[in-house]
Amino acid sequence: MSADHEIENLLHEDRHFAPDSEFARQAIAQPALYQQAQADRLSFWANQAKELHWHKPFTQVLDWTNPPFARWFHDGEINISYNCLDRHVEAGNGDRVALYFEGEPGDSREVTYAELTRQVKKAANVLTELGVKAGDRVAIYMPMIPEAIVAMQAVARIGAVHSVIFGGFSAESLSTRIEDAQAKLVITADGGYRKGKASALKPAVDEALSGGKCASVKNVLVVKRTNQDVAWVEGRDIDWSLALGEASDEHVAQPFHAEHPLFILYTSGTTGKPKGILHTTGGYLTQAAYTHKNVFDLHAEQDVYWCTADIGWITGHSYVAYGPLANGASQVIYEGTPETPDWGRWWSIVQKYGVSILYTAPTAIRSFMKMGSQFPNQYNLSTIRVLGSVGEPINPEAWMWYRKVIGGGHAPIVDTWWQTETGAIMISPLPGITTLKPGSAQLPLPGIELKILDDDGNVLGNGHAGLLTITEPWPSMLRGIWGDPERFQDTYWSKFDGIYFAGDGAKFDEDGDLWLLGRVDDVMNVSGHRLSTAEIESALVSHPFVAEAAVVGAKDETTGQAVVAFVILRQSQLESVGSDADVSKILRDHVTKEIGPIARPRTIMVVGELPKTRSGKIMRRLLRDVAEDRPVGDVTTLADTSVMDIISGKIAGGASD
Ligand code: WT7
């Protein structure tokens with residue numbers, strides 16, 4: 001809990017922002033929501049589920065007879081794509097804009113619910129013609145363009161299971177994930193626009209499938225976005241627009257069991273192997289839709305909602321591809337980076353589309369803060385009425401800036417805590433109800449039960465830091481780790497029997513508001529992206545120069561944490577490249593190739609030894625002290641206590657970007 005002592009100081013935050021009474025009066029979420037959930041949790045969730053269209057109604061809300069394997073609404077039948085699309089068209093809202101697409105070069109497209117439904121039906125027919133059946137896995141590796149949403153919706157519509165892989169992952173990571181899920185089809189694009197230029201994606205797919213790897217893949221469906229030159233494998237590769245052009249736009253959505261698998265999303269754990277988090281249908285959509293509507297106060301007819309997350313992350317699943325569409329929202333999706341052509345881009349988008357609800361990450365907010373208010377100040381942001389934050393704790397300074405500069409000094413900020421595993425928001429203030437406190441995620445949502453426990457499972461009272469646990473099952477909870485039920489049990493359910501352990505430290509303050517204190521395991525959070533120390537270490541040691549590696553997440557002003565790697569080099573290998581080789585760059589490039597640019601270490605420190613306990617476990621805590629430039633803490637459990645002096649003295653050997 002490295003951030004603990006810093007957050008300690010913030011826990012005495014005494015700024016409070018009571019809800020505006022007019023906002024409160026019109027808010028979707030009313031205080032009765034808490035009472036209803038309190039009175040009867042399961043019937044509360046049943047009522048949320050009944051907001052959806054069920055082909056066959058459920059009769060049982062929760063089956064928890066075989067923990068930790070929950071079944072929600074399990075005898076009900078539902079089609080998720082029907083809920084996100086057809087039903088809005090049938091209700092007469094086909095002309096409502098579903099997607100305001102803004103391409104990075106400045107091109108834009110409006111896609112109505114009717115048109116999106118038509119595209120998804122065509123894509124569903126194409127998938128079926130390609131032999132994709134219910135239960136089959138489909139990998140999606142795409143930029144943020146409307147076709148990415150069409151692809152996810154179409155896969156879900158036919159009961160197949162998508163695995164979206166973020167475009168910032170390398171060919172190597174892509175192929176591991178395709179192999180693990182045994183995907184039958186890959187949907188990709190030639191490339192997308194990033195930082196002012198076309199950035200290729202298809203070559204990574206070609207490489208991932210090369211040399212007999214990923215033999216499960218029969219076809220690659222390719223959207224032409226940039227029209228850059230791409231290699232083409234006849235018989236395997238299929239042009240998306242040609243295929244959709246020929247496909248029928250008639251497709252009747254079939255019902256699936258509520259517990260039918262919906263998607264796998266890989267996330268980093270404490271070992272080198274990413275976990276394929278499995279989500280299912282009915283419970284997932286119930287909580288995604290309920291939270292999206294209540295936490296963001298969505299008034300679908302008036303609001304323009306924009307979540308800046310990429311579909312490669314869980315936020316892009318629950319709060320771009322599913323929740324907003326289930327609620328019939330009009331949303332912006334933007335392809336590119338915030339600084340292209342300059343740091344005003346996001347604010348020009350807010351002005352252009354009249355965005356009223358904005359959901360983004362603290363790391364982005366801090367970057368904007370650093371660049372200065374002159375960028376947002378050039379634009380009319382007066383349409384903004386709700387702001388959201390996700391991915392890491394938002395420091396009170398960034399919170400205040402966000403509210404003042406982006407939210408016009410009045411927009412409520414909802415700091416939403418959740419995880420890939422939880423599927424949807426779990427902890428958040430409710431706008432119009434909660435008196436806001438900068439930096440705190442405040443309260444579990446109605447329907448969610450949590451406790452903060454000490455290591456022995458004792459419940460901790462206000463003012464005591466401990467482990468965040470969720471004590472009752474919730475509808476959008478993960479149903480497992482793909483192909484690894486044992487790891488599912490061990491990782492989340494073994495520390496406290498029958499209780500979900502989230503991996504985060506937390507604390508209730510004197511007022512009973514919850515503060516997140518960061519991860520308590522070897523998982524890092526860089527720009528709101530989750531990275532595993534072990535995964536980067538194994539990438540580093542796969543390079544011939546590296547004998548041993550230890551990776552830590554060091555505090556970083558903008559990105560929250562930054563990847564800092566300590567490496568012991570193999571002198572014999574180094575001699576072959578000469579003494580002036582830029583080892584640091586070589587190793588950073590190597591990690592980029594193995595995992596992707598998001599995992600590229602900020603700093604490589606070359607050391608002679610690593611601090612280890614007598615049982616051989618690397619003491620990352622001490623390395624974090626060095627990486628964060630603090631006096632090194634207690635070293636008494638080290639096998640060799642002189643190691644830290646040597647390492648601390650060697651920091652000069654480190655190199656950064
Ligand atoms: C981890 C989950 C949930 C979508 C984005 C990340 C951290 C997330 C907050 C928040 C403090 C937060 C936690 C969590 N986290 N939201 N509002 N305040 N910390 O999803 O990649 O699964 O990461 O992100 O440490 O465990 P993820």
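**Notes on the predicted model**

1. Residues are numbered from 1 along each chain as its sequence is written, and side-chain values use heavy atoms, with hydrogens and water left out. Strands (E, at least two residues) and helices (H or I, at least four) are DSSP runs numbered from the N terminus.

2. Is L62 buried or exposed? At 15% relative accessibility, L62 counts as buried; buried means under 20% relative accessible area, exposed over 50%, and partly exposed in between, with a 1.4 Å probe and protein chains only. Not counting residues up to four places away in sequence, L62 touches L42, A70, R71, W72 and P473, where contact means heavy atoms within 4.5 Å. L33 sits 29 residues from L62 in sequence, and their C-alpha atoms are 20 Å apart in space.

3. Now for the whole chain. It holds 22 helices and 31 strands. Its radius of gyration is 24 Å, close to the 26 Å that the globule rule gives for 657 residues, so the protein chain is as compact as a globular protein of that length. That radius is taken over C-alpha atoms, and the rule is 2.2 Å times the number of residues to the power 0.38. Along the principal axes, the C-alpha atoms fill a box of roughly 70 × 65 × 55 Å.

4. Some totals on packing may be handy for you. Of the 657 residues in the protein chain, 61% are buried. Among contacts with a separation of 6 or more, 72% come from residues 24 or more positions apart. The accessible surface of the protein chain comes to about 24300 Å², and carbon and sulfur atoms account for 50% of it; these areas come from the Shrake-Rupley method with a 1.4 Å probe, and for residues only the protein chains shown count as cover.

5. The ligand site deserves a careful look. Which residues are closest to the ligand? They are D415, T416, T420, D504 and R519, out of 17 residues that surround the ligand; a residue is near a molecule or strand if one of its heavy atoms lies within 4 Å of it. By class, this shell has six nonpolar, six polar and five charged residues. Here Ala, Val, Leu, Ile, Met, Phe, Trp, Tyr, Cys and Pro count as nonpolar, Asp, Glu, Lys and Arg as charged, and the others, Gly among them, as polar.

6. For T420, a polar side-chain atom lies 2.5 Å from an oxygen atom of the ligand. The corresponding distance for D504 is 2.7 Å, and an N or O atom in the side chain of R530 is 2.8 Å from a ligand oxygen. Taken alone the ligand exposes 550 Å², and the protein buries 95% of that. Two or more residues of the shell come from each of α12 (314-326), β20 (413-416) and β25 (514-519).

7. At 0% relative accessibility, T422 counts as buried. Leaving aside neighbours within four places in sequence, T422 is in contact with H279, W417, I470, W474, S476 and M477.

8. Next, a few backbone features to check. Most residues other than glycine have a negative phi, and most peptide bonds are trans. The bond from P67 to P68 is cis, with omega near 5°, and P68 lies in the loop between β1 (62-63) and β2 (71-72). Another cis peptide bond joins T340 and P341, with omega about 0°; P341 is in the loop between β17 (330-334) and α13 (345-353).

9. Two aspartates have positive phi values. Phi of D297 is near 55°, and D297 is found in the loop between α11 (282-295) and β16 (304-307). D297 is buried, with a relative accessible area of 2%. D629 has a phi of about 65° and lies in the loop between α21 (620-627) and α22 (643-649). At 67% relative accessibility, D629 counts as exposed.

10. Last, helix α4 (residues 41-49). Which of its residues are buried? They are R41, F44, W45, A46, Q48 and A49. The cover over these buried residues includes α3 (32-39), β2 and α11.

Terms used. This is a predicted model: local features need pLDDT of at least 70, side-chain atom pairs count only at pLDDT 80 or more; totals for chains, interfaces and linings use all residues. A polar contact is a pair of N or O atoms within 3.5 Å; within protein, one must be able to donate a hydrogen and the other to accept it, and residues adjacent in sequence count only if both atoms are side-chain atoms.
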